[in-house]
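I'll keep this short. Please have the model up on your screens while I talk.

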Amino acid sequence: MGMFDEITEVPEQKCQGCGAVLGGWQSKDGPCECTEVAFWRVSNFYTSCAKCGMWHDFSLKTEPTPRPLSDYQLSIRPNGTAWDQLIKVTRS
Ligand SMILES: [Zn+2]
């Protein structure tokens, strides 16, 4: 169990403070097992500039809309198995 995930597929972003290219994007919205997650799969991700330390935080502008639970796929995995060992449950 980790504390965050590494965020990928972020188009190049320059620091709003010093102009350095930003990297090392992270998020706590995913499985938090230090795996790689595309930014569009999370609603918040962030990094700090390696040069000047300016914090950069992206949050999705749109609020989640209510939707039925049936729109979600239930997946399970036994305790102690890796995050990507999920088994999809078919429900009628
Ligand atoms: Zn900077």
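F45 has F58, in strand 5, as its bridge partner. Strands here are DSSP runs of E of at least two residues, and helices are runs of H or I of at least four, both numbered from the N terminus. This is a predicted model: local features need pLDDT of at least 70, side-chain atom pairs count only at pLDDT 80 or more, and totals for chains, interfaces and linings use all residues. Residues are numbered from 1 along each chain as its sequence is written.

Strand 4, residues 44-48, runs antiparallel to strand 5, residues 55-59, with 5 bridges joining them. Two strands count as paired if DSSP finds at least two bridges between them. S48 stands opposite W55 of strand 5. The hairpin has 6 residues between the strands, and G53 takes a positive phi near 85° in it.

Now the whole protein. It has 7 strands and 0 helices. Buried residues are 11% of the 92. The radius of gyration is 16 Å, whereas a compact globule of 92 residues would have one near 12 Å; that is over C-alpha atoms, with the globule rule being 2.2 Å times the number of residues to the power 0.38.

Definitions and conventions:
A residue is buried if 20 or more other C-beta atoms lie within 10 Å of its own, exposed if 12 or fewer, and partly exposed in between; C-beta atoms are placed from the backbone.
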